[in-house]
Amino acid sequence: MNSSEPNFLPDLPLQDELSRQAFPLSALYVVATPIGNIADISLRALKVLTLADAVACEDTRNTALLLQRYGISKPLIAAHEHNEREAAEGLIARLAAGARIALVSDAGTPGVSDPGARIVDAVRDAGYKIVPVPGASAAVTALSVSGFLHAHFYFAGFLPAKAKQRDAAISALRPIEATLVFYEAPHRIVETVEALADNLEPTRQVVFARELTKLFEEIHRCSLAEAGAWIAADPHRQKGEYVVLVEGAAAQGEADAADAERILKILLAECPVKQAASLAAQITGQKKNALYERALQLKDE
Ligand code: SAM
């Protein structure tokens with residue numbers, strides 16, 4: 001840190017390490033902030049906020065509170081979904097004059113179901129440096145505790161508010177072989193859960209990640225068939241912020257294997273092992289030898 005810069009965080013751990021890092025001028029720093037727990041902010045984010053000449057934010061009141069908790073005082077510039085384009089022009093003028101600008105949203109990572117993307121795009125177009133300062137995001141936080149084994153996830157964000165569009169959106173997601181990630185506002189959680197159960201297989205697993213990192217955090221996993229009853233069991237569950245994760249469609253190979261197993265079991269109840277395996281192979285197109293081996297195991301069980 002330059003000795004003329006105020007040091008708002010004299011006790012920050014890694015102060016020496018952070019001081020050796022580069023924080024270029026004329027750059028936009030896209031800074032993730034907590035999604036609930038005030039302590040979930042990185043040391044680098046705090047350093048950037050102390051060095052910034054101004055902080056562009058979704059809601060100046062929220063950001064003022066966050067900065068106040070960390071003893072940081074900065075000029076705040078409103079940059080929300082209704083003025084992003086104009087705000088970008090003002091920010092670019094400041095970058096041209098050599099400023100470091102931090103961009104934050106109300107919670108989590110800017111640009112993820114939050115304003116920020118237009119500003120980043122305009123700043124990139126104008127040729128200035130953009131520096132990500134990563135941290136919390138509700139989607140990734142929920143995925144980390146889901147226990148879902150899928151290697152992939154599909155971020156669906158907020159579903160449409162109107163029933164018809166919502167049903168259509170969910171149906172379109174049905175074949176996706178990846179964990180489906182939804183954001184939901186508290187007042188719509190009941191309808192959303194009903195729509196998910198109506199438009200996807202009720203056997204799919206769902207994880208509710210409610211009020212993550214906050215006092216009343218709740219993480220619950222059940223089938224879609226059981227989901228409505230879980231929400232209804234406690235009136236508090238109709239309040240608070242939610243990430244809803246739904247198990248993706250079974251991969252085609254897995255679905256075919258599950259189908260073959262089901263058919264084999266039905267045939268085994270009626271025919272000898274060899275005939276059951278042969279018929280199952282003809283119906284499903286799976287290998288006869290493998291089905292025969294499996295039929296022998298099932299017979300022994
Ligand atoms: N930019 C944020 C991010 O990186 O996650 C998301 C902002 S989006 C406007 C707000 C939505 O994120 C909420 O409606 C909810 O679905 C989800 N969310 C934010 N904080 C959450 C929390 N603490 N627990 C559960 N969901 C949360």
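A polar side-chain atom of S137 lies 2.7 Å from an oxygen atom of the ligand, a polar contact being a pair of N or O atoms within 3.5 Å. The model is predicted: local features need pLDDT of at least 70, side-chain atom pairs count only at pLDDT 80 or more, and totals for chains, interfaces and linings use all residues. Residues are numbered from 1 along each chain as its sequence is written, and side-chain values use heavy atoms, with hydrogens and water left out.

**Polar contacts and cover**
- D114 places a polar side-chain atom 2.8 Å from a nitrogen atom of the ligand.
- At Y242, a polar backbone atom is 2.6 Å from a ligand oxygen atom.
- Of the 570 Å² of accessible area that the ligand has on its own, the protein covers 92% (Shrake-Rupley method, 1.4 Å probe).

**Shell around the ligand**
- The ligand is surrounded by 19 residues (a heavy atom within 4 Å), and the closest are D114, S137, A138, Y183 and Y242.
- By class, 10 shell residues are nonpolar, four are polar and five are charged; Tyr and Ala count as nonpolar, Asp as charged, and Gly as polar.
- Strands β7 (179-184) and β10 (242-246) each supply at least two residues of this shell; strands are DSSP runs of E with at least two residues.

**Domains**
- The domain assignment, automatic or from a database, gives domain 1 (12-136), domain 2 (139-246) and domain 3 (252-300).
- Domain 1 and domain 2 each contribute at least three residues to the shell around the ligand.
- The C-alpha centres of domain 1 and domain 3 are 59 Å apart.

Conventions: Polar contact = N/O pair within 3.5 Å; in protein donor to acceptor, adjacent residues only side chain to side chain. Helix = DSSP H or I, 4+ residues; strand = E, 2+ residues; numbered from the N terminus.
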